[in-house]
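These are my notes from going through one structure. I wrote down what I looked up, entry by entry.

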Amino acid sequence: MLQQYQKIMVAVDGSNEAELAFQKAVNIAKRNHASLLLVHIIDTRAFQDINSFDSMLAEQATDLAKQSLADYSDYAQKSGIEKVETEIEYGSPKVIIAKQIPQDKAVDLIILGATGLNAVERLFIGSVSEYVTRNALCDVLIVRTDAENKKPENEDD
């Protein structure tokens with residue numbers, strides 16, 4: 001018996017890696033007749049220093065996230081996915097993607113783009129995709145290729 005996913009979550013942040021993950025998520029959701037949950041996490045650590053906190057920055061980040069999610073949602077629906085949800089969360093992307101949303105929304109597959117960090121950056125700040133693969137409550141797919149399973153041409157080797 002094949003695994004049939006019911007609710008697929010894809011985290012999008014505007015990066016090329018997230019775009020690849022979104023394309024794969026659409027294809028997998030269509031094949032599984034699954035609902036698609038598009039999430040954008042605004043990392044509040046960027047606003048931690050109270051002296052530099054500017055509510056306009058937070059509002060701009062939220063507005064950009066809303067527009068991006070609306071565009072992704074529209075594309076997914078036009079691609080034939082019947083049920084598409086969007087969600088914006090604030091906090092640590094690692095924990096929210098790995099645990100909070102999958103538990104709250106009964107997600108059975110998380111799809112993420114591969115990290116763009118190098119080994120030194122991962123050592124100091126950690127990779128969201130690495131954390132999610134180690135701590136997620138459900139299956140995780142880390143996307144490194146496009147919808148045709150080819151490495152993107154603009155990828156540096």
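**Entry 1: helices on the sheet**

I began with helix H2, residues 55-78, in this predicted model. H2 lies across E2 and E3, and its angle to E3 is about 155 degrees. I then looked up helix H3, residues 93-105, which lies across E1, E2, E3 and strand E4 (109-113). H3 runs at about 135 degrees to E3.

**Entry 2: the sheet**

In what order do the five strands of the open sheet stand? I noted the order as E3-E2-E1-E4-E5, with parallel pairing. The edge strands are E3 (84-91) and E5 (139-143), and each of them pairs on one side only. Neighbouring strands of this sheet are turned by 25 degrees against each other on average, with direction ignored.

I noted what holds for sheets in general: strands pair through backbone hydrogen bonds, either parallel or antiparallel.

Next I looked up two of the pairings. E2 (residues 35-43) and E3 run parallel and are joined by eight bridges. In this pairing Leu38 stands opposite Thr86 in E3. E1 and E2 also run parallel, and five bridges join them. Here Val10 stands opposite Leu38 in E2.

**Entry 3: the chain as a whole**

I counted elements next: the chain has five helices and five strands. Along the sequence they follow the pattern β-α-β-α-β-α-β-α-α-β. The chain has 157 residues, and 39% of them are buried.

**Entry 4: strand E1**

Is E1 enclosed or open to the outside? Five of the five residues of E1 are buried, so the strand is largely enclosed by the rest of the structure.

I checked which way the side chains point. Lys7, Met9 and Ala11 point one way from E1, Ile8 and Val10 point the other way, and all are buried. The general rule is that in a regular strand the side chains alternate between the two faces of the sheet.

Lys7 got a closer look. Lys7 is in E1, which covers residues 7-11. Why does Lys7 count as buried? Its relative accessibility is 12%, and the cut-off for buried is under 20%. The side chain of Lys7 reaches the backbone oxygen of Lys105 at 3.5 Å. Leaving out residues up to four places away in sequence, Lys7 touches Ala34, Ser35, Glu85, Lys105, Ala106, Val107, Asp108 and Leu109.

**Entry 5: the nonpolar cores**

I looked up the largest nonpolar core, which has 23 residues. Ile8, Val10, Phe22, Leu36, Leu38 and Ile111 touch the most other members. E1, H1, E2, H2 and E4 each supply at least two residues of this core. H1 gives the largest share, eight residues.

For Ile8 I wrote down the contacts, again without residues up to four places away in sequence. Among them are Ala25, Ile28 and Ala29, as well as Leu36, Leu109 and Ile111. Another core, of 14 residues, lies apart from the largest one, and Met9, Val39, Val132 and Cys138 are among its members.

Which residues other than glycine have a positive phi? I noted two cases, His33 and Ala106.

- His33 has a phi near 55 degrees. His33 is in the loop between helix H1 (16-32) and E2. With a relative accessible area of 72%, His33 is exposed.
- Ala106 has a phi of about 55 degrees. Ala106 is in the loop between H3 and E4. Its relative accessible area is 57%, so Ala106 counts as exposed.

**Entry 6: Tyr131**

Tyr131 has 23% relative accessibility, so it counts as partly exposed. Apart from its neighbours within four places in sequence, Tyr131 is in contact with Lys94, Val95, Ala98 and Lys99. I also noted the distance from Tyr131 to Pro93: their C-alpha atoms are separated by 9.7 Å, and the two residues are 38 residues apart along the chain.

How values were computed. Residues are numbered from 1 along each chain as its sequence is written. This is a predicted model: local features need pLDDT of at least 70, side-chain atom pairs count only at pLDDT 80 or more; totals for chains, interfaces and linings use all residues. Side-chain values use heavy atoms; hydrogens and water are left out. Helices (H or I, at least four residues) and strands (E, at least two) are DSSP runs, numbered from the N terminus. Buried means under 20% relative accessible area, exposed over 50%, partly exposed in between (1.4 Å probe, protein chains only). A polar contact is a pair of N or O atoms within 3.5 Å; within protein, one must be able to donate a hydrogen and the other to accept it, and residues adjacent in sequence count only if both atoms are side-chain atoms. Contact means heavy atoms within 4.5 Å. Two strands pair if DSSP finds at least two bridges between them. Axes are lines fitted to C-alpha atoms, for helices over the stretch in contact, and angles run from 0 to 180 degrees between N-to-C directions. A nonpolar core is a set of buried Ala, Val, Leu, Ile, Met, Phe, Trp, Tyr and Cys residues joined through side-chain atoms within 4.5 Å.
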